[in-house]
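Trainee: I have a model to go through with you. Let me put it on the screen.

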Amino acid sequence: MEIRKKSDLYYASDEEIEAFFKGTVLRGQYSELPPKHEDKRFCGKIEHITINGMANDLCPNSLYVPVKFCHFVKPGLCEFYAIPNINALKEERRQYKLIITRIKNIEQAIVRRDKHAESKFRYNLKLKDDKFVGLFTENKDGSFTIRDIRRSDFSKLILQNGKEQAPIVYHPHLFKPKDGIYYEFSWILNGEKENYVYLFKVDETQSFQEVTPRNLIQRLHDDIMNYPAGAGQKIVKMLDTLKNQLTASGKEIFIYELLQNANDYPVTIDNVKQKVDVEFHLTLSSLVFMHSGAIFNEKNIAAICSINDKEKDTNKDAIGYKGIGFKTVFLDNENVYLQTGDYSFRFDRQATRDIVDTPWQILPIWTKYQELTPAERAIFTQAGEDFRVKFALKPTKIETLRESVYNYENMFRDIFKNERVILFIPNLSSVKVYLKGTPIPDIVCSRDNDTWRVDDFSENIDEEITRAINADIDDQEDTGGLKIPTKYYDFKNTKVSFACEIDGRKLKAVKDTCLYCYLPAKDATWGLKFLMNTDMIPNGARDDVEVDFDNSTNINETIANIAGSKLFEWILKLTKCGEYELDSIYNLIPNFASLKSGRLKYKELINSFEKGFVDRVETDDLVPTQEGYVCLQNVIVDETGLTSSGIMSDENFLKFTDNEGKYLPNLELRNSDSFESFAEQYLRKFNIEENIFDVDSLHEMISKNEFQEWLKVQDNNDKFLNFLLENELLEDFFDEPIFIEHEYGSLYSAEDLYYDIDEHLIDLGAFSSHICYISLNTREYFKDNSNWADVVDGKFNSFDPFSFVKDTLLSRKNKADTIKTLKDEDASIHFYHFIAKNNICDDEIAELPFFNTKEVAVENFEDKFIFFASTIGQRVCEAKWLDNIAIEFVSTKYDSIATEYFKNNLNIKTYSNEIIAKDIILSDEYCNDIQKAIGEDYDISEDFVKFCFNNESFFTAGTLNNYALNVVDKDGDYCFIIPKDDEVFLPSNLYDSYSEKKWIDNEWMYCLDSDYH
């Protein structure tokens, strides 16, 4: 059976045990007991024991040497053989007791030492002895590299050049250390190089002591307790000053520091950092804090037992770096207990209150688990194995927990009212707070949640800036300044994160924001609508960011500039993910002028932040379009809303505006007020205002021929006018040619078109070419739109019937066409209805044609007798003797309104024989015309005479003397004459008697043709 550990002995046979120890060599450091030692059975004691060069549980912590061996061994390294007491081993209690059988000193080669150099080294480095403590890690060849070399009191060993001691390589001969364990060992100075570079080797003639948890705590405790009074006094004052400075921004700062502590050392599995869970428990007497991060190692333990240890400087992922934040837990707490791994200790003010000038806040005191309160033990016991770090904080005043003004319960409820405080703590998973002592947490905050959108970005630092920062850190270490923490040495990469709240598909602007340096710098309020986390250096109290770096590189300005660039990338990332309304995304973009207003302190930082953002906006693709993402400089921003109305294609819009080759944002952004505001601001900043399509641009577009042709299409026109109406723009465009004229489809302004002339169009259809009125289709489209009716009221040309007739139809230009048109019967009928209805009176109307009862167009109303239709009159007026008289009978197709107009305005009369008799026959004006018509045609004359006879009442004696009659002279010859006085006689015997007289001349008398009778 192979024996490797103590428990193997319990199952091995006696023979196997004896055989194992017979071949086993034990080594250790022998020292003599003082002469006054009471137990005279022993001469000395062996410590730091190894078995076959290794340390395990088969090696007792120490072993007393029987006095019988006093002459065989001297103080120093020894080698011995031993066997266990088998009887004691086999007993129920299984006691493991080794009995030395042989012992001797190990002969060592004489080590040459430069005692003067070593003495000087000890003096300059303030070493108490020639021992170091270091971390032994085994190499593949069996050697060990000793790192993190410290003084024997475990304080850091920083050389005169400001650097740590270089690792020491140890090739074990007599003692093989455990891998990954700290040991105390003796050193030999093996040389010195320039710039305080020291070479060491391990002194194997001296023993190795494993630094166990309790041993480490004791070393740290003893070191502090051994401080001279003056040094202790200074440290006490420094701790008080630190406490006041660190907590000046609020008592809650210690909670942030505990969260930072949980974040900085997560457990790593397969090179993957595991997220850390945190719990806070309020008991009746203490605050318990636990987290699932990695167990504290020796360096971590030493760091919290020190001031400004800078233990995290090499951990670039740590969010703490000044080494003093943990001290905030002592503001209201006088007893802070920590249990992690095999460590169990506390910082206890009461333990040393009678010892003056003792910095109890860094004085660790080993504490047994049983010393905790039952509530604390219960919480620790019930916690899962994942909770590897546990604190218990006992306040100086018990009311601090729940009753004071700034009590812990209220503090937790305020800090963790939402997740924003933990959003940027990268390794944190969740925080649970138990306030009532129940198994159910009262507060739960998860970093990964559906309420917040968090995005992280990183950026490499320019090498020149890194070199400048390194030089500044080197200088400030020489001068003692602390503006730039040493963590920023070789600062080659920085992280920037952004967060905002989620409300469905909207991103909500965050209220009351401040900058984050992983934890909130609550006084650094820039007025952002989102939370921003950066590697900016905070001030000592962590409630603000540094703005004044004296003569050093202003690293915060550099980071602010990078943050601005990453803000651009964040907006782009949010846009591309497609999860959120774009308007809510662009609403997050800050108004930098507003940020700087009233924040003079941060002016330069905000300027750098702005420049980082603006530079990217000016050159990089950001805006989503139908063709992909493009730079803002190539985007047309439509203030009017035309491109989002859907009334025309993007291609047409870009063509009509002479912007072919540029792009329109996607449809969602076209309706975004936030995007429009952002885009206009930056297009103006870049002097590209021509990319802003505003109302003036719309006016300009209307003048383009290609747009005019597009607008003549009725459907396009309807939609365009509706767009103007809905966007309250129509009133600004009445003077533009955007309205379709009905007759020919041309475009006119409102003042050049008539609107509601339906009643007139019925009568004026024949003259529609002279009436520019808005398309009836347009009116149909808007017929039920009350808004349209209100807006266009009074804007179109007002139709004046008289003016239309007088100035248009009867104008010199159009009169001939008007006359021609009126020779169409239907046009005439409607026209005269129109002028009659509108009582249009003008002398020129008489010059226009009309239709008679024979459906023939009469040239005008002038120089003629015009009667309303009459059967009798027409029969009379058809007589040949009236052929030379212009007489017309108006068509019966003219309605009563028109005939009334004719009567009142154009002297058209109702026919009567009296008018023929008096106004024509008896009129000197027409006498010759009638006479010419009759000529010497008896039949016509007879007809004329008969008319006169039948209407004799209208004639008096002699009134017809101007008309010729057919007469016969005394010789019997017929002729037509106009009778003179007593020249024509009716037939009679007397006439016949006289006619036979020879002395009467033929021209003296005539007899009327008897056929007249």
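Trainee: Start with Thr494. Leaving aside neighbours within four places in sequence, which residues is it in contact with?
Mentor: Seven of them: Phe457, Ser458, Glu459, Ile461, Asp535, Ile559 and Ile562. Contact means heavy atoms within 4.5 Å. Ground rules before we go on. This is a predicted model, where local features need pLDDT of at least 70, side-chain atom pairs count only at pLDDT 80 or more, and totals for chains, interfaces and linings use all residues. Residues are numbered from 1 along each chain as its sequence is written, and side-chain values use heavy atoms, with hydrogens and water left out.

Trainee: Where is Thr494 found?
Mentor: In strand β23, residues 493–503. Helices (H or I, at least four residues) and strands (E, at least two) are DSSP runs, numbered from the N terminus.

Trainee: Is Thr494 buried or exposed?
Mentor: Thr494 has a relative accessible area of 0%, so it is buried. Buried is under 20% and exposed is over 50%, with partly exposed in between (1.4 Å probe, protein chains only).

Trainee: Which side chain does the Thr494 side chain make a polar contact with?
Mentor: That of Asp535, at 2.9 Å. A polar contact is a pair of N or O atoms within 3.5 Å; within protein, one must be able to donate a hydrogen and the other to accept it, and residues adjacent in sequence count only if both atoms are side-chain atoms.

Trainee: On to Ser672. Where is its place?
Mentor: In the loop between α17 (667–670) and α18 (673–685). The side chain of Ser672 reaches the backbone nitrogen of Phe675 at 2.9 Å.

Trainee: Why does Ser672 count as buried?
Mentor: Because its relative accessibility is 1%.

Trainee: Next, cores. Which residues touch the most other members in the largest nonpolar core?
Mentor: Trp526, Phe530, Trp570, Phe609, Leu632 and Phe678, in a core of 72 residues. Helix α12 (residues 555–577) gives the most to this core, with eleven residues. A nonpolar core is a set of buried Ala, Val, Leu, Ile, Met, Phe, Trp, Tyr and Cys residues joined through side-chain atoms within 4.5 Å.

Trainee: What is Phe530 in contact with, leaving aside neighbours within four places in sequence?
Mentor: Phe498, Ala499, Cys500, Val510, Thr513, Leu567, Trp570, Leu588, Pro590 and Phe609.

Trainee: Switching to cavities. How many of 30 Å³ or more does a search of the whole structure find?
Mentor: Six. On a 1 Å grid over the protein atoms alone, a cavity is a set of points where a 1.4 Å probe fits but cannot get out, and lining residues have an atom within 4 Å of a point. Points are joined across faces, edges and corners, and a volume is the space filled by probe spheres set on them.

Trainee: How much space lies in the second largest cavity?
Mentor: About 90 Å³. Its lining includes Arg27, His48, Leu77, Phe175 and Glu204. Two elements give two or more residues each: β1 (26–32) and β2 (42–51). β1 gives the most, with three.

Trainee: How do the lining residues of that cavity divide?
Mentor: Four nonpolar, six polar and two charged. Ala, Val, Leu, Ile, Met, Phe, Trp, Tyr, Cys and Pro count as nonpolar, Asp, Glu, Lys and Arg as charged, and the others, Gly among them, as polar.

Trainee: Leu77 is in that lining. Is Leu77 buried or exposed?
Mentor: Buried, at 11% relative accessibility. Leu77 sits in strand β4. Beyond four places in sequence, its contacts include Gly28, Gln29, Leu174 and Glu204.

Trainee: And Lys74: buried or exposed?
Mentor: Exposed, with a relative accessible area of 60%. Lys74 is in the loop between β3 (62–66) and β4 (76–84). Not counting residues up to four places away in sequence, Lys74 touches Tyr30 and Asn105.

Trainee: Last topic, backbone. What is the phi of Asp270?
Mentor: Near 55°, a positive value in a residue other than glycine. Most residues other than glycine have a negative phi. Asp270 lies in the loop between β12 (268–269) and β13 (272–273), and counts as exposed at 70% relative accessibility. Asn195 also has a positive phi, near 60°. Asn195 is in the loop between β9 (181–193) and β10 (197–202).

Definitions and conventions
On a 1 Å grid over the protein atoms alone, a cavity is a set of points where a 1.4 Å probe fits but cannot get out, and a pocket is an open set with protein on both sides within 12 Å along at least five of seven lines; lining residues have an atom within 4 Å of a point.
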